[in-house]
Amino acid sequence: MMMMFMFVLFLIPYLLMGSWWFFTMSLSIAFFIFFNYYWFSDYFTMMSYSFGGDILSMSMVFLTFWIIMLMMVASYSVYLGKNFSVEFMFVNLFLLIFLILSFTTTNLLLFFIFFESSLIPTLFLIFGWGYQPERLNAGYSFLFYTLVASMPLLLSILYIDNTCGTLFYFLIDLEMNFYLYMSLIMAFLVKMPMIMVHFWLPSAHVEAPISGSMILAGVLLKLGGYGLMRVLYFMYEYSIEFNFFFMSLTLYGMVLVGILCMYQTDIKSLIAYSSVAHMGMVLCGLFTLDSWGYSGSLMLMIGHGLCSSGLFCLANIIYESTHSRSFYINKGLIVFMPSMSLMWFILSANNMASPTSLNLVGEVMLINSIMSWSSLSLLFLGLSSFLACCYSIFLYSYTQHGSFYSGLNKLGSNTFREYLLIFLHVLPLNALILKCDLFDFCL
């Protein structure tokens, strides 16, 4: 595991040369080297200095490598415009380092430290390369929602260390109570985010640059699901008593958010709200404490990370052409960019869990898991799945069809870089279904 960490550290001197594509290619080469080097297994392997990885950890690490590499491809305008490109690469590299350490540590306190440390580069992305002045409010809400919920988590970790004498995930054994249960899960519920504590997410997405939106949707929301999987290892027996409350609230919230998506006038805002609905299903799957729920949650997290990140890239391609994210202006784009319209269709279809996307397998497993918990959840699951189809079709049809806005009299054509960027989202999203048994890990 230290080999991966040292490889990333050795990229720091090269960044001083300011070679944008060298950094991007280094990340892609690192992905393929470590992907072939790692033996996917249910238990922690490659252990060194209390860092290691099982199938859950390494899936998140490889997703992080892939998304940050694509962030560099998507943010090429930062390099062209000489908008502090070296600083931008440094921020992304440190974000990569913190996320790798978060996903590979086996110590609960170290996980908390790296979990919180990932906030700092993300804030720099939003503050430094965001769009409107409102990015300050968006960054502050993102920061304080997470910090306020994380304070009880830190106290509970210190209590666990004092009581158990260890913070290794699989050795923790303690007498649980309601306050400890709430403290351990609240930070992760805010990070996912769960309905009612999701208000930071749409503003953070809308004000963030494309790189910020990609890493938020692709990886940072998954930190919440990953953290829940880790803490539920040692408190699943106690959590059975109270999980039903959060599951009921989330099922109800998935329907509300689905309806809310149909009201949106901003393309990025719709994609951001759809993330709340998808991560709600992941949350329900985790709280069933079922092996199908865990495997389905991992598949949906990876599928959603790729699909949502790709949709944000498409929204950014439109924004760079029309300088607007409004549905009222961005209409009839199938006339302007017919080939990119195919990518819009594929990713919109994948967003509603169509074959052959990884989202389909994840949602089928999660629906089975949640239905086995309570058959009454069928009503909410059916409605939320129907609304997911509705807002995905709405997103595609409203942007691609209709009358082309006459005020847009000067538009450039799409470049090879943009097609490659979307293709590198679509390919793993639809190819991983061929090897989805990889994510069926034991509990």
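Leaving aside residues up to four places away in sequence, I422 touches G310, C313, L314, I317, M340, M343 and L347, contact being heavy atoms within 4.5 Å.

Residues are numbered from 1 along each chain as its sequence is written. Because the model is predicted, local features need pLDDT of at least 70 and side-chain atom pairs count only at pLDDT 80 or more, while totals for chains, interfaces and linings use all residues, and side-chain values use heavy atoms, without hydrogens and water.

## Cysteines

A search of the whole structure finds zero disulfides, a disulfide being a pair of cysteine sulfur atoms within 2.5 Å. The sulfur of C389 lies 6.9 Å from the closest cysteine sulfur, in C390, which is too far for a bond.

C389 is partly exposed, with a relative accessible area of 27% (buried is under 20%, exposed over 50%, partly exposed in between, with a 1.4 Å probe and protein chains only).

## Annotated domain

An unreviewed UniProt entry lists residues 106-385 as "domain: NADH:quinone oxidoreductase/Mrp antiporter transmembrane", and such annotations may be inferred rather than shown by experiment. Over residues 106-385 the chain is 77% helix and 0% strand, with the end C-alpha atoms 36 Å apart.

Terms used
Helices (H or I, at least four residues) and strands (E, at least two) are DSSP runs, numbered from the N terminus.
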